[in-house]
Amino acid sequence: MKALFLLLTGVIFISGCSSAIQTTIQYYQFEQPINDSSRNVQDTQAQLRVQTVSLRGALNNRGIAMKVDSNQIHAANYHLWGESPDVMLSASAQQTLFNTMTNWMVIKGLPVITDQQQQTFYELEYELHHFNGDLQGNADISGLWRLYYTHPESGRRLLSIHNFSSVMPIDADGYDSLVATLEKMWQQINILAAKEIEKTRLNHK
């Protein structure tokens with residue numbers, strides 16, 4: 001990532017001739033493929049509803065974020081996410097959890113359901129504090145997730161909170177490698193969350 005970081009540093013700290021440079025905007029997204037799959041409610045043991053991922057401040061910006069100092073984040077001007085990061089991360093989380101938790105019905109959001117049986121469910125909330133690269137050549141995702149349980153008789157209650165921090169070296173120069181590394185890390189975070197949620201449910205019975 002050395003070339004990327006030198007370029008980023010130049011963009012941030014050299015302003016005199018930047019207006020004369022014509023730069024093409026590049027858009028990025030997670031590559032995670034969508035496989036044909038289906039699941040019926042009657043074949044599952046529990047329901048998990050994944051809320052829209054919350055990102056702190058400027059991290060929920062179309063410009064890919066880079067940490068340039070201990071207290072400073074820079075959002076790229078010409079290297080943009082193809083969609084809002086919270087939407088992209090939520091869709092990726094739902095798909096990873098759906099594929100990992102084969103005995104669960106994993107859906108996004110909180111649809112209105114009148115069937116009393118479907119009003120009993122678990123709910124996952126993510127809050128990301130870091131979702132960026134840095135000048136040392138790393139990708140960084142950290143934050144927390146909360147697991148809630150809702151029952152028509154007892155209402156909604158918090159079951160657990162899990163903090164996580166993942167920093168991974170980026171293999172090659174360029175934003176392509178940064179995006180691929182962030183995607184890999186996000187999938188790993190969700191796979192670990194799935195295992196913890198499964199254990200929580202078994203202990204919660």
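Y28 and Y175 are both buried. In this predicted model, the rings of these two tyrosines have their centres 6.2 Å apart and their planes at 40 degrees, so the pair is tilted. The pair also links distant parts of the chain, since Y28 belongs to strand β1 and Y175 to helix α3 (residues 175–204), 147 residues apart. A pair of aromatic rings is described by the distance of the centres and the angle of the planes.

The structure holds seven aromatic pairs, and ring pairs join F30, W81 and F131 into a cluster.

Strand β1 (residues 26–28) also contains Y27. Is Y27 buried or exposed? Y27 has a relative accessible area of 53%, and it counts as exposed because this value lies over the cut-off of 50%. Together with I25 and Y78, Y27 forms a nonpolar patch on the surface, and the three residues share about 290 Å² of accessible area.

The arrangement of the whole chain may now be considered. The protein chain has three helices and nine strands. Read from the N terminus, its elements follow the order α-β-β-β-β-β-α-β-β-β-β-α. The protein chain comprises 205 residues, of which 44% count as buried. The chain exposes about 11300 Å², and carbon and sulfur atoms supply 48% of this area. Among contacts between residues at least 6 apart in sequence, 71% join residues at least 24 apart.

Strand β4 (residues 63–69) shows how one strand is placed among others. Five of its seven residues are buried, so strand β4 is largely enclosed by the rest of the structure. With strand β5 (residues 72–81), β4 pairs in the antiparallel sense over five bridges. A hairpin of two residues joins β4 to β5, and K67 stands opposite I73 in β5. Strand β4 also pairs with β7, in the parallel sense and over two bridges. In that pairing, M66 stands opposite G133 in β7.

Side chains of opposite charge can pair when their charged atoms come close. How many salt bridges are there in the structure? The count comes to five salt bridges. In one of them, the side chains of E125 and R146 meet at 3.4 Å, taken from N to O. E125 lies in strand β7 (residues 121–134) and R146 in strand β8 (residues 138–151), so this pair ties together parts that are 21 residues apart in sequence. Both E125 and R146 are buried.

E125 has a further partner, for its side chain meets that of R156 in a salt bridge of 3.1 Å, N to O. This pair links distant parts of the chain, with R156 in strand β9 (residues 155–169) and E125 in strand β7, 31 residues apart. Why does E125 count as buried? The relative accessible area of E125 is 18%, and E125 is buried because this value lies under the cut-off of 20%. R156, by contrast, has a relative accessible area of 44% and is partly exposed.

R146 likewise forms a salt bridge with E127, in which the closest N and O atoms are 3.4 Å apart. R146 lies in strand β8 and E127 in strand β7, so the pair ties together parts that are 19 residues apart in sequence. With a relative accessibility of 19%, R146 counts as buried, while E127, at 24%, is partly exposed. Salt bridges that share partners join E123, E125, E127, R146 and R156 into one network.

Conventions
Residues are numbered from 1 along each chain as its sequence is written. This is a predicted model: local features need pLDDT of at least 70, side-chain atom pairs count only at pLDDT 80 or more; totals for chains, interfaces and linings use all residues. Side-chain values use heavy atoms; hydrogens and water are left out. Patches are made of residues with over 30% relative accessible area and no salt bridge: like charges are joined within 9 Å, nonpolar side chains (Val, Leu, Ile, Met, Phe, Trp, Tyr) within 5 Å. Accessible areas come from the Shrake-Rupley method with a 1.4 Å probe; for residues, only the protein chains shown count as cover. A salt bridge is a side-chain nitrogen of Lys or Arg within 4 Å of a carboxyl oxygen of Asp or Glu. Helices (H or I, at least four residues) and strands (E, at least two) are DSSP runs, numbered from the N terminus. Buried means under 20% relative accessible area, exposed over 50%, partly exposed in between (1.4 Å probe, protein chains only). Two strands pair if DSSP finds at least two bridges between them. Contact means heavy atoms within 4.5 Å. Rings of Phe, Tyr and Trp (its six-membered ring) pair if their centres lie within 6.5 Å; planes under 30 degrees apart count as stacked, over 60 as edge-to-face and the rest as tilted.
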